Structure formats: C-alpha cells, structure tokens
Amino acid sequence: MGGENPDRHALFVTLGVEFDPALLELALTHRSYAYEHGGIPHNERLEFLGDSILGQAVTVKLFRENPDLDEGDLAKRRASLVSTVALAQIARVIGLGDYIRLGRGEDQSGGRSKASILADTVEAVIGATYLGAGADAATSLVLRLIEPLLADPSRFGAAMDPKTSLQEAAAAHGGSNPVYAVTNTGPDHNKTFHATVTVPGLVSATGAGSSKKQAEMAAALEAWTTLSTDGA
C-alpha cells in the first residue's frame, strides 16, 4: 500500500518528537516519489544532515560510557550502530516503512523493505528533528532509537557482521551452516534484491536490499535475532 495512508500523528507519538508536520513529510519523501510528482523536494538533504547528527550523538555516547575502550574499538562499535543494516532494523521496529512516500515503481518492487531506503529515511527523520525541534531533541531521538542495540552488546557484532554472527549462532545451537538464496526484481539500474537464509531445523528469515550483500546481511540479522531470542 502507499505510504500516504497511515496517520502521521501515530508516527509523531512513536518518535516522541513534536515539530512541523511538513518537515516530517519531507523526511518521508523518497526521490522516486518526488520525480513522479513533478520534481518536488525529497529527503536527501535531510538525510545528509541526519547522518552527521547520528554520528556525533553515537560517538559522544560511546566515548563517555566506555572509558576503557581504545579508538579502534570505539570506531568498530560506532560503525555497527550507524550501519545500514542496523538503521534498517531500527526502522522496521518502529514501522517506518509504512510511512515512506515512494514512487509507484519503487513501491511495487519492494522499496518499503529495502535496507538502504529504510536507513536513509531514519537519517532524514533525525535531520528533520534537528531542524524542527533542536539539537537536544535530535540527540535524544538518536539515543532512543539505538537503545535496543546498546542494551544488548552482542548486537554490536551482529549488526556489523550479521553473516558471521549467524554462522556462530547456528553452530552454538548445533545447526549446520546457513544457506542463502537470492532473487532480484526491478530494472537493471534500480534492482531490489531479496534474500532468504535458512539454517535447517532452526530458523529461516528474509531480507531485502539494494545489493545481494545487503539483502543477505539483512536476512542474516533477522535470523540471528530470532535464534538469539529463542535461546534466551
């Protein structure tokens, strides 16, 4: 279904931020929608801004709370928290994909589940929060969004290298190596890849992305999350 249907107020409540609804609408507007509607503004400038705010907030958080970690370890943790796979997972948790304004072709080819689009939209929403509610509100939003990762340190590694983490989890559960199957849809210049990963007898999960690798990583993180939850 189209991304214009869900009530935006519900998303404001989920985000816990109040600012001009027009800014949120811009943050949710993908370039494919903008091109189909006469070249209206889209969210890439907000994404650029949000990426910087995200990186700063995560860096300061990690620096303050991990005084014993060296630069290399801090950099690895930051990379996992701001990765496309991690941000896409955050977007799925809050149901952000339902709200994104996509062009018809992008929507029909699975754009709402594409990791790159989800991650970019998270960054755009952060940028909109900064402009509409200020730096403190934007930082607070970032910290709320990444809290599930911070609360579970094992997810640092899983978000950074989901395929290795899944392989290790499968072995720990007595399973065989994960098996991946990938298909793709859409034109050559804008393909969406859909991956299914299966650990026979243990778990099966799917993921999507703008590349085969991204789709496999998204599927692996989903499967790892299921295995980790089941094993808790």
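Visitor: Two strands pair if DSSP finds at least two bridges between them. In what order do the three strands form their open sheet here?

Guide: The order is S1-S2-S3, with antiparallel pairing. Strands (E, at least two residues) and helices (H or I, at least four) are DSSP runs, numbered from the N terminus. This is a predicted model, in which local features need pLDDT of at least 70, side-chain atom pairs count only at pLDDT 80 or more, and totals for chains, interfaces and linings use all residues. Residues are numbered from 1 along each chain as its sequence is written, and side-chain values use heavy atoms, with hydrogens and water left out.

Visitor: Which strands stand at the edges?

Guide: The edge positions belong to strand S1 (179-185) and strand S3 (203-209). Each has a single partner strand, so one side of each is left without a neighbour in the sheet.

Visitor: How many bridges join S1 to S2?

Guide: Seven bridges join S1 to strand S2, which covers residues 192-199, and the two strands run antiparallel. Two residue pairs can be located in the structure above. Valine 182 stands opposite alanine 195 in S2, and asparagine 184 has phenylalanine 193 in S2 as its bridge partner.

Visitor: And what about S2 to S3, how many there?

Guide: S2 and S3 are also antiparallel, and seven bridges join them. Threonine 198 stands opposite serine 204 in S3. For histidine 194, the bridge partner in S3 is alanine 208.

Visitor: Which glycine takes a positive phi in the hairpin of S2 and S3?

Guide: That residue is glycine 201, with a phi near 80°, in a hairpin that has three residues between the strands. The hairpin of S1 and S2 has six residues between the strands, and there glycine 186 takes a positive phi near 95°.

Visitor: Back to S3: how many of its residues are buried?

Guide: Five of the seven residues of S3 are buried, so this strand is largely enclosed by the rest of the structure. Buried means under 20% relative accessible area, exposed over 50%, and partly exposed in between, with a 1.4 Å probe and protein chains only.

Visitor: Turning to the helices, why is H6 described as largely enclosed?

Guide: Helix H6 (residues 84-93) has 10 residues, and seven of them are buried, so the rest of the structure largely encloses this helix. The buried residues are Val85, Ala86, Leu87, Ala88, Gln89, Ile90 and Ala91.

Visitor: What follows H6?

Guide: Glycine 95 follows H6, and its phi is positive, near 70°.

Visitor: Let us move to H4. How far apart are its end C-alpha atoms?

Guide: The end C-alpha atoms of helix H4 (residues 44-65) are 31 Å apart. At 1.5 Å a residue, its 22 residues should span 32 Å, which agrees. The expected span is 1.5 Å times one less than the number of residues.

Visitor: Which residues of H4 are buried?

Guide: The buried positions are Leu46, Glu47, Gly50, Ile53, Leu54, Gly55, Ala57, Val58, Lys61 and Leu62.

Visitor: Now valine 17: is the residue buried or exposed?

Guide: Valine 17 is buried, with a relative accessible area of 5%. Its place is in the loop between helix H1 (8-15) and helix H2 (21-27).

Visitor: What separates the C-alpha atoms of valine 17 and arginine 45?

Guide: A distance of 20 Å separates these two C-alpha atoms, and the residues are 28 residues apart along the chain.

Visitor: One last residue. Where is leucine 149 found?

Guide: Leucine 149 is in helix H9, which covers residues 135-151. At 5% relative accessibility, leucine 149 counts as buried. Leucine 149 and aspartate 98 are 51 residues apart along the chain, and their C-alpha atoms are separated by 22 Å.
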